[in-house]
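I opened this entry to keep track of what I looked up. The model comes next, and my notes follow it.

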Amino acid sequence: RSIMLSRRACFSLLRVMRAGEKHRLSIGQKRSGNEEGPLHDGPDFHFADGRPGMISPGAARTIRRETRDQRTLATLSQESFERNERVEKQVARDQALIKAEQEERKSRAAAAAAEAKKKNKSSTSSPATKTNTKGSTPRPSPS
């Protein structure tokens, strides 16, 4: 029975040792604290004459992954830049169309006002008719 308890205690200790993994992953860091840094990223050794040593399979895998990620990031940033340029051009076109429509409305309103003013002048030059204030039927003015 004491062996069973120690195994359970051991399993619970293993869980505790991984504490913080979920937190590190949630903030965008690596799974454990020792997966990045100068000791991990640098070469394992070099020869006395200065030549670099052999790259371990894990280091080669890391280099390939980082190279792939850099290429993906460059592609995405280029696509994003091109997309932003297209959107800015479309916004400029839309703003120009809106401005043209507003100017057209203003010119139509000015033309309508001029037409109304012209009609108003022509109606005042015709024989004057007075309107009965109590009714809506016009009556001729005494001349």
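This is a predicted model: local features need pLDDT of at least 70, side-chain atom pairs count only at pLDDT 80 or more; totals for chains, interfaces and linings use all residues.

**Surface patches**

Patch members have over 30% relative accessible area and no salt bridge, with like charges joined within 9 Å and nonpolar side chains (Val, Leu, Ile, Met, Phe, Trp, Tyr) within 5 Å.

Residues are numbered from 1 along each chain as its sequence is written, and side-chain values use heavy atoms, with hydrogens and water left out.

I placed glutamate 79 in helix H4, residues 57-125. Helices (H or I, at least four residues) and strands (E, at least two) are DSSP runs numbered from the N terminus. Glutamate 79 counts as partly exposed because its relative accessibility is 44%. Buried means under 20% relative accessible area, exposed means over 50%, and partly exposed lies in between (1.4 Å probe, protein chains only).

I also found a nonpolar surface patch of Phe45, Phe47 and Met54, with about 330 Å² of accessible area together. Such areas come from the Shrake-Rupley method with a 1.4 Å probe, and for residues only the protein chains shown count as cover. Methionine 54 sits in the loop between helix H3 (38-41) and H4. At 69% relative accessibility, methionine 54 is exposed.

**Whole chain**

I counted 4 helices and 2 strands in the protein chain, in the order α-α-α-α-β-β along the sequence. Of its 143 residues, 3% are buried.

**Salt bridges**

How many salt bridges does a search of the whole structure find? I got 3, taking a side-chain nitrogen of Lys or Arg within 4 Å of a carboxyl oxygen of Asp or Glu.

Arginine 51 meets aspartate 49 at 2.9 Å, N to O. Arginine 51 is partly exposed at 47%, and aspartate 49 is exposed at 57%.

Arginine 68 pairs with aspartate 69, the closest N and O atoms being 3.6 Å apart.

For arginine 108 and glutamate 104, the closest N and O atoms are 2.4 Å apart. These two are separated by about one helical turn, because they are 4 residues apart in helix H4.
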